[in-house]
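Try each one yourself before reading the solution.

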Amino acid sequence: NSGKAATSAAANGLEKTDLTIGMLPLPEVAPVQIAIKRGFFKAEGLNVKFTIIDGGGSALPSLLSGGFDVLHSNYVSAFTAASQKVADLKVVAEATVATPGSFVLVTAPNSNVTKVEDLKGKTIGVNTKRNVAMLTTSVTLKVHGLDLDRDKIEFAEIPFPNMWQALKTGQVAAAFLPEPFVSAAAADGGVKVTDLMAGPTDSFPIAGYFVTADFASKNPKTVAAFQRALLKAQSVAASDRKAVAEVLPLYTKINAQTAEIMQLPGYPITTNAVRLQRVSDLMSEYGYLQKPFNVNSLLLAGQK
Amino acid sequence: MLEISNLTHTYGSGPSAHNALGGIDLNVSEGELVCIVGPSGCGKSTLLRSIAGLLRPTGGQVVLNGAPVAQTPDDLAVVFQDYSRSLFPWMSVADNISLPLRRKGEGRKQRARSAMEALEQVGLAGAADKYPWELSGGMQQRVSIARALAYRPALMLMDEPFGSVDAQTREDLEDLTLRVRGHHNMTILLITHDIDESVYVGDRVVVLSKAPARIVGDLRVDLPGPRDQINTREHPDFVRLRAEVGRLVRGMRTSPASAS
Amino acid sequence: MLEISNLTHTYGSGPSAHNALGGIDLNVSEGELVCIVGPSGCGKSTLLRSIAGLLRPTGGQVVLNGAPVAQTPDDLAVVFQDYSRSLFPWMSVADNISLPLRRKGEGRKQRARSAMEALEQVGLAGAADKYPWELSGGMQQRVSIARALAYRPALMLMDEPFGSVDAQTREDLEDLTLRVRGHHNMTILLITHDIDESVYVGDRVVVLSKAPARIVGDLRVDLPGPRDQINTREHPDFVRLRAEVGRLVRGMRTSPASAS
Amino acid sequence: MKHSAPASPKSSGTSPGGSPSGLRGVARAVSRLWLVPVALVLWEIGTRAADTPYFPSPTTIAVKMREMWLNGPASRLWLSDLALENFPPSLARLFAGWALAGVAGIVLGVMLGRSVLLARFVDPLVHFGRAIPPPMLLPLLIPLMSIGTQMQLTTIVFGVIWPVLLNTVDGARYVDRQHMETARVFGLSWGQRLWRVILPSSTPKIFAGLRLSLSLALILMVISELVGSTNGIGFQLRAAERAFDPPALWGAIVVLGLLGYVLNLAFFAIERRVLSWHRAAKQTT
Amino acid sequence: MTRQAVLGNRVLCGALGVAGLLLVMEAAGRAELVDPTVLPLTSTILTRVAELAVDEEFLVNVGATMTAWGLGLLLTVAVTVPLGLLLGSLPRLETAVRPLIEFLRPIPSVALIPLAILIFPDRLDLKIAVIFYASCWPVLINTMYGLQDVDPVAKETLRSFGFGPLAVLWRVSLPSTAPFIATGVRLAGGIALILAISAELLAGGSDGIGAYVIKAGSSPDGLEFIIAATMWAGILGVVTNSLFIGAERRLFRWHTARAGVTG
Ligand SMILES: Nc1ncnc2c1ncn2[C@@H]1O[C@H](COP(=O)(O)OP(=O)(O)OP(=O)(O)O)[C@@H](O)[C@H]1O
Ligand SMILES: Nc1ncnc2c1ncn2[C@@H]1O[C@H](COP(=O)(O)OP(=O)(O)OP(=O)(O)O)[C@@H](O)[C@H]1O
Ligand SMILES: [Mg+2]
Ligand SMILES: [Mg+2]
């Protein structure tokens, strides 16, 4: 099999066949696993390995130093880095867009917070400040007529696995939770205050796959091969929930049971500049970016 | 006041074990000054440390005022052979001396006075504010004597207390010890290598054999009147006793027991 | 070989300064054994440490074999007064002795042999594999003597080397020192408090005054033939010299200088 | 060592001959600090040559620091609002945590050092605790205390107590036997043994531990501000990291370094006083 | 077993101490002093701890962490002890370098990890570098403090036999400082473990306890595994520490004997 891969690699003229991808252990990256498992990468002549990371932001240096070739990162971090000119990045593909119910503002059972307006003067838990969690929560608050400064709403950084602890002990009044934490919280009596991905954040792009501009220009064929294989897997994931549930235990601790009931994110099969620009625009609106940032600079020639 | 019966001690175990005390029986009555002599390394310090409760002997027992010694007994002072390591380098000389006096319930002023007095007695009045490591060997030794004397214990154990001072100072310290003992009715055990000294200061001289230490001689010193460096040392009994002790000590070195 | 001229040393500075050496002039020729006596705390160890280059005197100089001593001179051995602290607790007795021999370029076997031999000479043949802290005070002192003897230095400095051993052992060690000195033509400076000893082993006895130390007597000891513990000590010259040294030392204690 | 004589505790610290003249003070400062400008220049040259955004040059960092923290009025020592908002709470956490850890470490350390039996029972727990990375304590801390000061202090204490504890255990356990025996013989009370013998004799080691833990406290202060905090130097550091603002990140690092240097200087001054006997006693000429 | 035998047995006493604490914690959980849905019961955690012990995947991760730990600590000792001896015996150099040391020491490695990644793309190199950075300080400081504690008479003895400063350093200062250095290394051992795991946590990686924890964090049920992995970090700490203690006891018998510490 590897012999075949090698020949096809030669035939394709790939500049680099061994790729390492840094990714978070989330349902978002299930397609990468599908592509590995079903040999989509192999078929393109690629040999893909993955490394678990803790956050797109803190792993970015690894991408820059060549520790990874491809990085799975949320857009907020990546756009911030790009606009700060810390890194010259290119989007290889979109990883996920939000689906209803996959990112929810949750409170503990018996909490006196039942609707968004009750959050005045309260603290909200997010996994990381200045990321998609805080951005979408801020947007939602604003939609409900709340203002962070005026209404003295604060954010506290708490890792997702500890969020339920923090909610139940009253450390935070409400928390931003993604799946599968939403399902788990619901099972223990957690109350959904609001879906965070609605209105201005409906189908909000969450994360994508990035390479450095340098890598993209030196390895165009490899990047194209990677895209083809990944997109194939994206469409499998988008249409076949079983396929996702199957691979989740390979790289996460999500058990089969949870995998079946949890809300899956959307797996887009195109890279949509307009959609991405929405993230960037919201980021400048909420002060995450000092000046407007045009995502076109992140796109590869074929995506524009 | 002190009854030692069949005291034995062995350091270590197995093939490298060393039998230091081979069954010591010794009674010391109150107010007595007993000198202990014996060859180097025979077990004198070991005996003394057993009496002070610093070492749990492997056999036999030490009874002090009717009670067996398990912990360090009350009202005891020791002048250690290794005096330089027994002074606390973080305290001035005066503090080193007055620290134990707290136990005697003496007030701050009283303690300072006692310390000064003791320092004067050993000829170190000027060294009160110095630190031990600023003193010469002999001065350190005198500080540790002063500490023990100022404490006025019921039982005083002295391990070669005058080994590092000059002849004249040594005589003064011997006389000082005798004087203090007389005033306060202390019981004193004094280890020395100086046979003359043992006869001069002792009421009794106990001679130990080579390891394992056993008592090979226990001589009562019956010298007349208050002792005096010149007359006592010329007294015929002194000369006789000294020769006798000398013979006993020397004998030990060539006795078959020493072959072990 | 050794010329000391106008050596002074003051410890510390300011009001608490202590003037230990007050101008010492001393010449020692090769092969001589000079004994130094003086009251406790007068500055003997200070003098010795200056000669060994362990202390930079505040004035004067020490010239050894024509060269001023700045660093520790070559081919020197010291028996420290504080013998227990000068032995290395992490090494066995044999290793303690053989360590300096490395400098002499001796091989491993040769070093072991020299160490054993020295230990036998001081009567500690059985203690080679023990650690210093397993030995009695007197045994430790003998180990440190053995170390110096095994080194066979050209110049040996001994600071109260026989203070902690019994009378018989002391005599043996005195004779041993004399013997080794004769064999290897060492120059020896020996500090002692025992006036008899100073006369018995010394070619010369130098008497120091109370602090600041000055030389108040320098007596040549002209005793006949090889010395011998019994005959020498009975020799009329011995008795005379010993009395003279005694007078000098005692005199110092009551001289007005001592009031300082 | 070329000192002419061991200084006595009274005269230690200042050079012989009383107060140092201005010139000598300058010379001393130069001998102490000459390496700093050299290092700075090398750093500047190195970063300029490398020219990567993650490693800004010291001048860039300095400009950024000035902009962030030093644009206030002279009456406040030029500290900006941002500085006043973030530095004092951090320092308070730092000192409170360090002091708590110091006291607890010394007390526990003496207990464990002197009681063989207690040590036997508790030793595994100590070494267990020591090996747990403070950030991993979170699941245990959240249920037990409230986010904010309580949890921050706990994190700091938990992180910095170990050097003090271990060094104190060591110091208290290995008091020279002769010293302990002397104390026993003269019937020193428990308290006297502790205050007059065990503690003084362990101070060199305790100070080594305290010194280590002081810098650790700075580190733990940062770590403690990573979760649930709304101000502090660590919070700013995290924010700079999130905002991909390397000069600000380095600015926080430099502040920590400077703070550490100043704290250590102060600590050193205290230590010199407390341990003067030790230095003098152990000095060879 | 008699009371004497129990109290005399180090391992047994330690186990009793641990068991006692665990019982108290379990009791607190059962009495609902702490909500078991918030903090899992001690018995639950212990089950997870036991599960991990036979979980091959986890053991591979432990292996990776310990490899980094061992190499990092080795590098630390190999570099820092000589450096500490050098600085401790050359006061002038020490004075000059001290500002830099004191500046570098308080810089948190967590802040440095992202920067270190840029220099060390390889995860093992990164871990070793970070471990070195954090754990060299206890060794350095303890070495320098230990040097101050050397008995001057011992040093003078060797000097008097004509040995040079290097020989004195090697034969007197080093051995007599060794117990102090050992304490520093023992401290460093704990810090190194923390840093190995922290580096894995922050920088990610394909293996290591920290990587396992990140993975466990992907799921709400992961909390128990995270706590269990934390327990394993502690257990590794106890194990490595007892190895150190055992070695120290062998090497520094003289030290213990001189202080009169029994057992
Ligand atoms: N490190 C020091 N600091 C200050 N003063 C010192 C120091 N060492 C010694 N002295 C003082 O110098 C004087 C001489 O000390 P030295 O050790 O030379 O005496 P010594 O003649 O050897 O006495 P001894 O026979 O008692 O050993 C003493 O008065 C002592 O207090
Ligand atoms: N800690 C120890 N471990 C093993 N053996 C020891 C220990 N302490 C002493 N010994 C041995 O016990 C014997 C007696 O020692 P001790 O100190 O009692 O002798 P001593 O009579 O005081 O001798 P000295 O007159 O030389 O001081 C010695 O042979 C010594 O080697
Ligand atoms: Mg003895
Ligand atoms: Mg002396």
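**Exercise 1.** How much area is buried between chain E and chain D, and what percentage of it do carbon and sulfur atoms give? Then work out what the chain E side is made of.

**Solution.** Keep in mind that this is a predicted model.

Step 1: start with the area. About 6500 Å² is buried between chain E and chain D, with 72% of that coming from carbon and sulfur atoms.

Step 2: count who takes part. Chain E brings 77 residues to the contact and chain D brings 70 residues.

Step 3: look for charge pairs. Two salt bridges turn up across the interface of chain E and chain D. In a salt bridge between E:Arg186 and D:Asp170, the N to O distance is 3.6 Å, which passes the cut-off of within 4 Å.

Step 4: Eleven residue pairs are in polar contact between chain E and chain D, counting pairs with both residues at pLDDT 80 or more.

Step 5: Helix H11 of chain E (residues 222–251) supplies the largest share of the side touching chain D, with twelve residues. By type, that side of chain E splits into 49 nonpolar, 18 polar and ten charged residues.

**Exercise 2.** Is A:Thr140 buried or exposed? Describe its surroundings too.

**Solution.** A:Thr140 sits in helix H6 of chain A, residues 132–143.

Step 1: check accessibility. A:Thr140 has a relative accessible area of 7%, so it counts as buried, the cut-off being under 20%.

Step 2: find its partners. A polar atom of the A:Thr140 side chain lies 2.8 Å from the backbone oxygen of A:Thr136. Leaving out residues up to four places away in sequence, A:Thr140 touches A:Thr194 and A:Leu196.

Technical notes: Residues are numbered from 1 along each chain as its sequence is written. Chains are lettered from A and ligands numbered from 1 in the order in which they are written. Side-chain values use heavy atoms; hydrogens and water are left out. Helices (H or I, at least four residues) and strands (E, at least two) are DSSP runs, numbered from the N terminus. Buried means under 20% relative accessible area, exposed over 50%, partly exposed in between (1.4 Å probe, protein chains only). A polar contact is a pair of N or O atoms within 3.5 Å; within protein, one must be able to donate a hydrogen and the other to accept it, and residues adjacent in sequence count only if both atoms are side-chain atoms. Contact means heavy atoms within 4.5 Å. Buried area is the accessible area (1.4 Å probe) that two parts lose on being put together, summed over both. A salt bridge is a side-chain nitrogen of Lys or Arg within 4 Å of a carboxyl oxygen of Asp or Glu. Ala, Val, Leu, Ile, Met, Phe, Trp, Tyr, Cys and Pro count as nonpolar, Asp, Glu, Lys and Arg as charged, and the others, Gly among them, as polar.
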